[in-house]
Structure formats: structure tokens, C-alpha cells
Amino acid sequence: MNRRILSVLVFLFATLASALPCFAWNDRGHMIVAYIAYKQLNSHARERVDALLKLNPSYSDWVATIDKEVPNASQEDKNLMIFMLAATWPDKIKGDKAYKSDGSDRGNRPDGSPDPARNTGYDDFLMHKYWHFIDTPFSTDGTALPAIPIPNAQERIGVFRTTLASNSPDSLKSYDLVWLIHIVGDIHQPLHTTTRVSSAEPQGDAGGNTVKLSCTKCELHFFWDDLLGTNNDLKTVKKAARKIPKADRSLVSKMDEQIWVSEGYQTAKQFVYVTPVEAGSGPFTLTPAYKKTAGKVAKQRVALAGARLAKLFNDELK
Ligand SMILES: [Zn+2]
């Protein structure tokens, strides 16, 4: 191949790769959060979430997945797995042609969306990718911090909690419930609450998406997304979820979503953006010690996300 064409292709590929949307956690991580939460739901909350999830347009697909992967599961086990699959729905619509990517920066910013703060339920076919995170900025070199766009994950959690505690129709509660299962998980991934700003990247590093690691298909953001493994088979996810150590009860009782976000931000500064992840876009080579600590932190974060999600539904879902 002509070298000039080759270099253009390499450039295009690199540009596309760096602009990939962030997913975090991956499906497995979200399903682990959901497993932990469902096990801690009281009987009233279980009954309500089981009924509300039946209204989701993907319900029959979830049932088919369960029948295929875990035939002969008990009804209780099926309900648990429906809840786990529901946790991935806000990511699944990103690959569904019926849904429209709205906003700017490949859908990652709300400005430009026809209605970024809409909350009308399943008649809304906007992807709302910017609902998955809140990038609280910090600067490595004194560069001025950009404003945090609204709506964002923290603001949405507040809106959706209010719906669940209200007398809104179940059709809307179902939509808000599915989003909550997902984004309460998301904001416990430290790179969904934080962005690192510098003079080279005054708008931030998109939650570690532009920070390269010295391996293939490797950005800092993806490394953290995939920390709990990548196998999405329901049986293996359940097995992994059972092994996650229980969350610290004194932390579970902190139920203000603003605290969850500032915790995530502190966690990012303490455990994510630390040696060997230096200033700049890398590539950096992670050490075994960094990876080991990261794995431990990820488990603590999903345990906490699951326990808080359960408490939220137990205390607030009407
Ligand atoms: Zn997400």
C-alpha cells in the first residue's frame, strides 16, 4: 500500500479510537452491581422492580437470553437475572438503530440536543450519552477548569429518584428505574466522575479516554471499565458477583448522590491518576502494584454501588 495512504489510514484509525464513547463499567460490571443490589432488596421493592421491568421494550429479549443461557432457572432467579440485564439497557440503546445520538462531541455533550433533559419514558428515542457521567475537572498545570455540563449523571439521579418516590405512572417509573440501575453503577466508576485538565487538553481528557496505556486497545478509561473481567455469561457473572466483599455499612448509609460523585472524584485522584499514570497522554505502562490496587478499588466501588442502589429502592420506590 502507498505509504501516504497508509499514514492517512493510521491517522484516521487513531482519531476514531480516541473519540470512542465511554461505556463504564462494561456489561459485566453493571450486572455485578445489579446482582449485589437485587440480593439486598426487601420484598416490597422486589415486587415493584419485577413489575416495572416488564414495561421495558427489551423485556422479551431479556427473557429469551435467560432461557438460552440458564434454562430451568427458578422464577426468583429469573427475576434476578432480568434485573441484571436491565442494568445494561442504557448502553444497549447506543447500538440500536431506533435510537438517535443527540448532543455534540459524538453525543457526549448535551449542547445541541433537541431536548437533553427530557424525562418522558420509553417514547424518548434519544440516547442521552451525556447522562452516563459527570466529569468533575481538576487541573495538572493551573489551566482554568471548564464548566460541568448539565444535565449529567448526578443531576439525572436526583430527577429519577424523585420520580420513583412520586405518584408518576409506572410507565415513566420503569424508564427512570432502568436508568438508575445503570447510572448509579456508572458514577461509582471513578473515571465517570472525573476529568483531568491541562493546557494541552483544556476541556479535559474525557474521563481518561485520551490517556493511552502501552498495550493494544488500551486507554486508561477502558482499563478501569474492564477491571471486573469481560465475560458476560450470566452464570459466570453471578459467580463473580457472589465473591465481591460486602460494602462498608457506614459508607452505604451516605445516600446523597453529590457525596457519591465527590467520593468518585477523590478516588480518581488517589488511585487512578497516580504513578505510573503521569501528566500527558502517555503511553504509560501500568505496574503490577497499580493493577492490584485498582482491582481492589473496583470491587469496593461496585459493592458500594449495589448496596446503595438497594437502599435507594428499599427506602424510596413507591
Ligand atoms: Zn454508562
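This is a predicted model: local features need pLDDT of at least 70, side-chain atom pairs count only at pLDDT 80 or more; totals for chains, interfaces and linings use all residues.

Q: OK, at what angle do α2 and α10 cross?
A: Helix α2 (residues 27-39) and helix α10 (residues 234-242) cross at roughly 60°, and their axes come within 9 Å. Axes here are lines fitted to C-alpha atoms, for helices over the stretch in contact, with angles from 0 to 180 degrees between N-to-C directions. Helices are DSSP runs (H or I, at least four residues), numbered from the N terminus.

Q: And which residues make that contact?
A: From α2 there are R28, M31, I32, Y35 and I36, and from α10 there are L234, T236, V237, K238, A240, A241 and R242, where contact means heavy atoms within 4.5 Å. These residues divide into eight nonpolar, one polar and three charged; Ala, Val, Leu, Ile, Met, Phe, Trp, Tyr, Cys and Pro count as nonpolar, Asp, Glu, Lys and Arg as charged, and the others, Gly among them, as polar.

Q: Which residues of α10 are buried?
A: L234, V237, K238, A240 and A241 are buried in α10, buried meaning under 20% relative accessible area with a 1.4 Å probe and protein chains only. They cover an arc of only 165° around the axis, which puts them on the same side of α10; the arc is that of the directions from the helix axis to the C-beta atoms.

Q: What covers them?
A: The cover over the buried residues of α10 includes α2, α4 (59-69) and α5 (75-86).

Q: Switching topic, where is A247?
A: A247 lies in the loop between α10 and α11 (249-252), and A247 is buried, with a relative accessible area of 16%. Leaving aside residues up to four places away in sequence, A247 touches V252, A303, L304 and A307.

Q: Last one, how do α7 and α12 run relative to each other?
A: The axes of helix α7 (residues 153-164) and helix α12 (residues 257-272) come within 9 Å and cross at roughly 155°. That makes α7 roughly antiparallel to α12, the term used for angles over 145 degrees. In this contact Q154, I157, G158 and R161 of α7 meet E257, Q258, W260 and V261 of α12.

Technical notes. Residues are numbered from 1 along each chain as its sequence is written. Side-chain values use heavy atoms; hydrogens and water are left out. Helices (H or I, at least four residues) and strands (E, at least two) are DSSP runs, numbered from the N terminus. Buried means under 20% relative accessible area, exposed over 50%, partly exposed in between (1.4 Å probe, protein chains only). Angles under 35 degrees count as roughly parallel, over 145 as roughly antiparallel, 65 to 115 as roughly perpendicular and the rest as oblique.
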